[in-house]
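Thank you all for coming; I would like to walk you through one structure slowly, so please keep the sequence and the model in view while I talk.

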Amino acid sequence: MKIEKINDNQIRCTLTRQDLADREIKLSELAYGTEKAKLLFRDMMQQAAYEFGFEANDIPLMIEAIPISSDSVILIVTKVE
């Protein structure tokens, strides 16, 4: 899982086939908010807070999923204030 800060209100997270396999998550599960997907998102947000100070407590988030191959995806997380 690779996380990059785009600006103060956005991060980009790249998830590869291996990232998903390590957590036993199918790409399709991300869209349906399964428990595994929620845990992945929580870990992703914790890593973003630790690395970049990207805090989103009580702030609505917009999440865009951009497939980059049949087994990898980029998630753009934007704070909506």
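This is a predicted model: local features need pLDDT of at least 70, side-chain atom pairs count only at pLDDT 80 or more; totals for chains, interfaces and linings use all residues.

**Loops, a helix and a core**

Let me begin with E24, which lies in the loop between α1 and α2, where helices (H or I, at least four residues) and strands (E, at least two) are DSSP runs, numbered from the N terminus. Residues are numbered from 1 along each chain as its sequence is written, and side-chain values use heavy atoms, with hydrogens and water left out.

E24 has a positive phi of about 55 degrees although it is not a glycine, and it is exposed, with a relative accessible area of 60%; here buried means under 20% relative accessible area, exposed over 50%, and partly exposed in between, with a 1.4 Å probe and protein chains only. D58, in the loop between α3 and β3, is also not a glycine and has a positive phi of about 60 degrees, and its relative accessible area of 81% makes it exposed.

Now to α3 itself, which has 18 residues and reaches 25 Å from its first C-alpha to its last, close to the 26 Å expected at 1.5 Å a residue, the expected span being 1.5 Å times one less than the number of residues. Which residues of α3 are buried? They are A37, L40, M44, M45 and A48. Seen down the axis of α3, these buried residues fall within an arc of 135 degrees, so they line one face of the helix; the arc is that of the directions from the helix axis to the C-beta atoms. On the other side of α3, E35, Q46 and Y50 are exposed. After α3 comes G53, whose phi is positive, near 70 degrees.

Finally, the largest nonpolar core has 15 residues, and those with the most contacts inside it are I11 and L15; such a core is a set of buried Ala, Val, Leu, Ile, Met, Phe, Trp, Tyr and Cys residues joined through side-chain atoms within 4.5 Å. The elements giving two or more residues to this core are β2 (10–15), α3 (35–52) and β4 (72–79), and α3 gives the most, with 4 residues. Leaving aside neighbours within four places in sequence, I11 is in contact (heavy atoms within 4.5 Å) with residues including M45, A48, F54 and L75.
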